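Below are some notes to read alongside the model. Please follow each point on the structure as you go.

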Amino acid sequence: MNQNHRKCRVMGTWVLFPVAVMVFGLGCAAMQPEKPKTLTLTERGTVLFLDKYEFKRPPQNWFLMKNLEGGDFELGFLLMEKGEFPSQTTFMYDAEPYGGSQNLETRAKYYCTRFLFNSGIDVRVTKQEKATVGGNEAIVLYMDGENPNRSEKAKSKVYLVKKGNRIVSFVCTMWRPMNGTYAQEPFDYFETFVHSFTFLKKDFYENFEEELKKQGL
Amino acid sequence: MHKKTMLALAMVSIPILLLLTLGNAGAQLKVGDEAPSFTLPTSQGKLADYYKDYYGKHYLIMTFFPAAFTPV
Amino acid sequence: MDAHQRDSYLYARLNARVLGVSKDDPITNKLFAESLELEFPIVSNGLAFMAKAYGAYSEKPPFGPDGSINTFGRRTVVIDKKGIVRYIKDGSPINREILELLLTLEKESRGQK
């Protein structure tokens, strides 16, 4: 349900995540740069995240973010970029994007009204199109906006992907100061992440639905 | 008495009576207790009545949240 | 809150319903439900009755010194079909726990382990 697309401030060389308000209990404070043991290299040039996912990770200068508090987003990457605060990009896999509908279009429509709603950014959708991710139907949303009060802006790309009876998401947000320039490269790494992403096992809901079927429910 | 007045009176007095009799019971609500019954107005323009709407029919998930339009 | 909406297709299969309880009046709750596209009703706790009865005021009393109604804490309570409380959790709900409990209750009601 919830996004962690708040930007994270670097303090010195130690990456500290401020208590930027995460509505739904996801705090930047809940995440820390994670040592690579959560990720296992394969001989295919990909990494395994625990026993759950396999994907092509971005270069080593991207920090792995793991939500240690068991919130809705589970894994993501953060890149601290050159330039004034907030010059950074994050992308993540979020199994529970905002909204309640199982219909992609309806979910996308609602999602846009909630995305970054607590960040002070005035979000606008610049493009919406259909796509396929991992063989599944998806909708891609391109959004951006400014927060004039804090002189910052953000640009995002979101994939909402149908997964059985549910919808999951991949979200990338790039933050810049108002006079900053957006870059393309971080978005390219996001694309690679999304299109290489595979699920190594059934998730809770798939297993649960099978159990319901067995019970005749 | 007019039907509507009686209904309004019931809606107000029943909870008050129950409130008075329950005392602090709610603070110790435990798994295994009988759920306090209720008849209260809802956002869908009708009353929610535990025994009429849910008892014997559905499991009920009650979600208490402090206020509308706050982060939930 | 939209987690309950996301799981509504599962609740339907498990014969479970959701009821929200908030301190606000029915109109505010209606607008709130619409804004989150929630399909379940929300009860108004106007007289503090529900939250008090269900123990959602564990940290502070239902009424402030000036007689105004205090906000209560987040709490999830699951009641079985016989009106018995089977689950209480304060704070944010863990939806998987609720789903697993409902399945257990359903199996139980069919006489299974």
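1. In this predicted model, the largest nonpolar core has 45 residues. Those with the most contacts inside it are Tyr59(B) and Met62(B), together with Met50(C), Ala51(C) and Tyr54(C).

2. The largest share, five residues, comes from E3(B).

3. Which residues does Met62(B) touch, leaving aside its neighbours within four places in sequence? Met62(B) is in contact with Leu19(C), Val21(C), Tyr54(C), Thr76(C), Val77(C) and Ile79(C).

4. There is also a second, separate core, of 39 residues. Ile121(A), Leu160(A), Val171(A) and Phe190(A) are among its members.

5. Strand E8 (residues 124-133) and strand E9 (residues 136-147) of chain A pair in the antiparallel sense, over nine bridges. Thr132(A) stands opposite Glu137(A), which lies in E9(A). The hairpin of E8(A) and E9(A) has two residues between the strands, and Gly134(A) takes a positive phi near 60 degrees there.

6. E9(A) also pairs with strand E10 (residues 152-163) of chain A, again in the antiparallel sense, over 10 bridges. Lys153(A) in E10(A) is the bridge partner of Glu146(A). How many residues lie between E9(A) and E10(A) in their hairpin? There are four, and Ser151(A) in the turn has a positive phi of about 55 degrees.

Methods
Residues numbered from 1 in each chain as written. Chains lettered and ligands numbered in written order. Predicted model: local features only at pLDDT ≥ 70, side-chain atom pairs only at ≥ 80, totals over all residues. Core = buried A, V, L, I, M, F, W, Y, C linked by C-beta atoms within 7 Å. Buried ≥ 20, exposed ≤ 12 C-beta atoms within 10 Å, placed from the backbone. Contact = placed C-beta atoms within 7 Å. Pairing = 2+ DSSP bridges.
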